[in-house]
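Morning, everyone. Please look at the screen while I walk you through one protein, and keep your questions for the end.

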Amino acid sequence: MTGKATSLGSNFFLIIEMLKEAWISLMSYKMRSFLTILGIIIGVGAVVIMISLGQGVSKNINDMFAAMGSNLIIVRPGFANTGGRATASVVNLTSDDAAALGRSSIIKKVAYANSSYAQLVYNKANMRSAVYGISESYPDVMNLEVKTGSEFDKDDYKYGGAIALVGVNVVKELFGDPDAHVVGETIRIKNVPFFIKGVLKETGSVGPANPDDQVLIPFKSFLQKISAPKFPNSVNMIYMNVVDEKYLIYAETKITEILRERHRLREGTDDDFRIINMTQMANTMKETASLFTILLASIASISLLVGSIGIMNMMLVSVTERTKEIGLRKSLGARERTILQQFLFESLLISFMGSLVGLVLGIILSLVLAQVIDLAMPISMFSVVASVVVSIIVGIASGLYPAMKASRLNPIDALRYE
């Protein structure tokens, strides 16, 4: 036991001595060492930022679909072929279709909505936003809650009225502060005054269907004040919650049967509607986000490869410049293994220092970028572990050939080298 402890202590002391020698060697050429380390810093920092960005996008996608629910199905109007060209079909979904779908035992809740983009104005502030005219069950189906104020009541849906629920981003744009007290204030939508009845709880989603950027009004109010449809009871979208996520595929089949029968579509003709399974879409987007992360990390890794080439170049130059020193050490009894270890330690030290600084810099820039683009960019342990592993791999890979070259030098030829 004592012998093993002594051996470990001796090896530790040897490692410390080699690190000291490696440091002294690097400090002999400060500018060259700094530029070589800078290459690794840039490479590791870029990889950390790109991985964080990719994971941020993935997290946002997960949060967005989690907020809507995993058992959500959306039905939208399909496309019609006109003169050989695919165009948007006439609006062929109605509130009666929604009611018929809601009577199916596979459907838990159903809602419908019409939407339009409109200019919102409050005093001198204005913005363009999506305005949704919604049915009574829409907030439940879409998992929307009111943060301040109150939801629409039955009379609001029955009689309509100039009332609205607004998302937090709308509040921020029009009132300058997402936490501003706006209940009771009046905004103008398409130059029509609307009373703010409530503010929706923030979902943190992004994209065109983000509830934080929307204004919700009763369906009847939408028809009366924003956009009257060409056909009675027509709707742009029908939203459904299936009784259980495991029945989503069956639900799609059932929805198709009901709507084809109601729309009197003959066998062999295309559906005049589109069914969007949000779980399938979420999985597709997650796969895309993963590929996006890999692509970003791969692009960033190119700079890391360049940095490793820089280390190899520096070490080869160092071997050439220290040929006589190597010859002298070997003639005094230094073994090839010792020379090999010395140059590998120098390479590892360069790589480790660059990776450490690059990791810290990457984390800081990721946090800054997250604030600039308003996107959560988590720093995972993967980035930390990867930076350590990268520093070891790059250090060994870049320094191995120069170290082997140095260790195999003939001491007599090395001492004669000019």
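Let's begin with tyrosine 112. Is tyrosine 112 buried or exposed, or something in between? Tyrosine 112 is partly exposed, because its relative accessible area is 21%. The cut-offs are these: buried means under 20% relative accessible area, exposed means over 50%, and partly exposed lies in between, with a 1.4 Å probe and protein chains only.

A word on the source. This is a predicted model, where local features need pLDDT of at least 70 and side-chain atom pairs count only at pLDDT 80 or more, while totals for chains, interfaces and linings use all residues. Residues are numbered from 1 along each chain as its sequence is written, and side-chain values use heavy atoms, with hydrogens and water left out.

Now the whole protein. There are 13 helices and 12 strands. Both are DSSP runs, numbered from the N terminus: helices are H or I with at least four residues, strands are E with at least two. The protein has 418 residues, and 42% of them are buried. Its accessible surface is about 22400 Å², and carbon and sulfur atoms hold 61% of that. Those areas come from the Shrake-Rupley method with a 1.4 Å probe; for residues, only the protein chains shown count as cover.

Next, contacts, meaning heavy atoms within 4.5 Å. Take contacts between residues at least 6 apart in sequence: 78% of them join residues at least 24 apart.

Back to the rings. How many aromatic pairs does a search of the whole structure find? It finds 5. Rings of Phe, Tyr and Trp (its six-membered ring) pair if their centres lie within 6.5 Å; planes under 30 degrees apart are stacked, over 60 edge-to-face, and the rest tilted. Tyrosine 112 pairs with phenylalanine 219, edge-to-face, at 5.0 Å centre to centre and 90° between the planes. Tyrosine 112 sits in strand E4 and phenylalanine 219 in helix H7 (residues 219-226), so this pair ties together parts 107 residues apart in sequence. Phenylalanine 219 counts as buried because its relative accessibility is 11%.

On to helix H3. Which residues of H3 are buried? They are Ser95, Asp97, Ala98, Ala100 and Leu101. Their cover includes strand E4 (107-122), strand E11 (237-242) and helix H8 (248-262). Here is some background: an α-helix has 3.6 residues a turn, so residues three or four places apart point the same way.

Zoom in on aspartate 97, in H3 (residues 95-102). Aspartate 97 is buried, with a relative accessible area of 2%. Leaving aside neighbours within four places in sequence, aspartate 97 contacts Asn92, Ile238, Leu259, Arg262 and His263. Threonine 94 lies in the loop between strand E3 (85-88) and H3. Threonine 94 is buried too, at 19% relative accessibility. Its contacts, not counting residues up to four places away, include Pro232, Ile238 and Arg262.

Last topic: charges. Side chains of opposite charge can pair when their charged atoms come close. A salt bridge here is a side-chain nitrogen of Lys or Arg within 4 Å of a carboxyl oxygen of Asp or Glu. The count is 7.

Lysine 154 bridges to glutamate 136, with the closest N and O atoms 3.0 Å apart. Lysine 154 is exposed at 60% relative accessibility, and glutamate 136 is partly exposed at 42%.

Aspartate 156 bridges to lysine 197 at 2.5 Å between the closest N and O atoms. Aspartate 156 is in helix H5 and lysine 197 in strand E9 (residues 192-200), 41 residues apart. Aspartate 156 is buried at 11%, and lysine 197 is buried at 16%. Asp153 joins Asp156 and Lys197 in a network of salt bridges.

Finally, arginine 260 and aspartate 271 meet in a salt bridge, 2.5 Å from N to O. Arginine 260 is buried, at 17%, whereas aspartate 271 is partly exposed, at 29%.

That's my tour. Over to you.
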